[in-house]
Every structure is written in C-alpha cells, then in structure tokens.
Amino acid sequence: MASLRVLGHAFRAWKRNKRWAKHEPETPYLADLLADAPVCLHVGASDGRHSYVMTQVAPKARIYAFEPSAFAFQVLKTCMAWHGIADRVTPVHAAVSDKAGELLLVTPRKTSGRMGRAYAYVAETAPNGQARPDLDDQGLELQPTPVITLDDYCRQHGVERVDFIRMDIEGAEQRALEGAREVIDRDRPHVLLEIHPTMLQARFGGSADEVVEFFRSRGYRMFALNGDRLEERSTVVEGLPWKDYFFVHPTRAARLPDGVFKARMAA
C-alpha cells in the first residue's frame, strides 16, 4: 500500500496530466515523432508525465520507464495505474549509466526546505559543499540506487527495437548514451534529450559538445525550440544551465508521421 505522501504526489501528477498542464514546451512535438506502436525508453521518468503523453499521441506505444528515486518510482507506478496505462508502461527502478552497479542518488534540499527531486542526480560519492554548482540549496539527501545500462536492459529483456528515447538525467546523459551505443547504432531511435552543460562538466567529467558529437558522428540532425519555432542547430545554446534537444536520424525520416519533423527532414 502506497504511503499518503506518495498518493498525494501521484494525485497531483494525475490531475496535471489530465489537464495537460505544466508540460514542457517540447511536449506537443512528440506527436510529430511517434506513430503506430513505437517502443520508447523514458529515462529519468520521475512521475511519468512524458510516459503519459507518449501513450496519448501513440496509443499502442510500449514504454520502459527508468527512475532511480524510490519515492518517485512509487509515484510513477501509482500514477500510471490511475491513468489506466500500467499495461503499456513498464516501470524500472534504476538509474542509467555506462556500466551496471550501484550509485548514490543525490537530491538537493531547496532553500524552501522542500526536496528538489527534479534536480536529483547520481554520483559515486557524496559531493563536498553544495549539492549542485547550478543550484542554491540547504543540504541534500543521499539514497543508494541500482544502476543499469540501456544496452544490457534491452538485451536481457528482449527489447528488439527502440523507436524513441526521452532522457532527462541531470548531467549523466553522456554516460547513459555510452551505455546505449548498441541500441542507438542498431535502431537509430528519435531522441529527446535534456543536456546539462554545467553538470556534465562539474559532476561527470564530460561536456555538451561531446554529447552533440555522439549524435552528429552517427549522422543525426539536431533541433531545438527557439521561442515557438523549431530550428536546426549544430551546437547547444550557450549560457543555459539546461535545455531540451531533439535528435532525428535521416534513415527514419520517411517513417515519421506528417508534421514539422517530417517537413524539416525533407528540406
């Protein structure tokens, strides 16, 4: 039986989803990427808002939702059940990286006193000083969490095709992509990726440029919203602590649903 705190968070997430409220500006574009019965990996699933959207724009979608926080994982399972989509969303309690094992989930405590669950990230050891270099906090919470790679998971669970990856993991994206090379090279899935330049450098020894090069070296094209307009880019937008980017491979362009991405890929 879920705790009252889990139920309260799940109810707010369920209500927000039903109203299509507080979704990120990139969310409506999922309808221009997903059709038929796509297989999707939702990495950093939190309460499952993107998983819910995927099932609405592609009702036959099969989604694997990875979430390292024990609390958020319970919220995710509860919310997906209330939406009636638990048969299409498989929750996985794990972080995703370049090798399997166990890490610490670092969750900052915001200056308001509330836990900043949206800012949680994985680390080998507890940070010295503030939890993150890009956020004011008043302490942190540490929780051990299992870690997997996407390649291992797909191989072990018979996921033979991946069409779309949504990833928002607070700076761990470069390592997670390294652990998904087989899947990405095999299937060339569409990707919606939140890139965190400061966290990549300060906590994971990587860079935004290396993340972009991971995709560009494989022939992907990169897009981002500029206001209400989707523009093609070759680099991340400078000066932002994080931003979402779409990566679409030309070999999959013909199978895109009619919409902005199909039109842009044909240009």
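Select Glu 102 to begin: this residue is exposed, with a relative accessible area of 61%. Exposed stands for over 50% relative accessible area, buried for under 20%, and partly exposed for what lies in between, using a 1.4 Å probe and protein chains only. The model is a predicted one, in which local features need pLDDT of at least 70 and side-chain atom pairs count only at pLDDT 80 or more, while totals for chains, interfaces and linings use all residues. Residues are numbered from 1 along each chain as its sequence is written, and side-chain values use heavy atoms, with hydrogens and water left out.

Glu 102 belongs to strand β5 (residues 101-108). Strands (E, at least two residues) and helices (H or I, at least four) are DSSP runs, numbered from the N terminus. Now show the residues around Glu 102. Leaving aside neighbours within four places in sequence, Glu 102 is in contact (heavy atoms within 4.5 Å) with Pro 144, Thr 145 and Val 147.

Next, select strand β10, residues 221-226. How many of its six residues are buried? Five are, so the strand is mostly covered. β10 pairs with two strands, and a pair requires at least two bridges found by DSSP. With β11 (residues 229-233) the pairing is antiparallel over five bridges, and Phe 223 has Glu 232 as its bridge partner there. Two residues lie between the strands in this hairpin, where Gly 227 takes a positive phi near 70 degrees. With β12 (residues 243-248) the pairing is also antiparallel, over three bridges; look for Met 222 opposite Phe 247.

Turn to the aromatic rings. The structure holds 13 aromatic pairs. Rings of Phe, Tyr and Trp (its six-membered ring) pair if their centres lie within 6.5 Å; planes under 30 degrees apart count as stacked, over 60 as edge-to-face and the rest as tilted. Select Phe 11 and Trp 14, a stacked pair with 5.9 Å centre to centre and 25 degrees between the planes. Because they are three residues apart in helix α1 (residues 4-18), about one helical turn separates Phe 11 and Trp 14. Phe 11 is partly exposed, at 40% relative accessible area, and Trp 14 is partly exposed as well, at 26%.

Move on to Tyr 29 and Phe 246. Their ring centres are 6.2 Å apart and their planes are at 55 degrees, so this pair is tilted. Tyr 29 is in the loop between α1 and β1 (39-43), whereas Phe 246 is in strand β12, and 217 residues separate them. Both Tyr 29 and Phe 246 are buried.

Finally, select Arg 218: its charged end sits over the ring of Phe 214, 4.0 Å from the centre. A charge counts as over a ring if NZ of Lys or CZ of Arg is within 6 Å of the ring centre and within 35 degrees of the ring normal.
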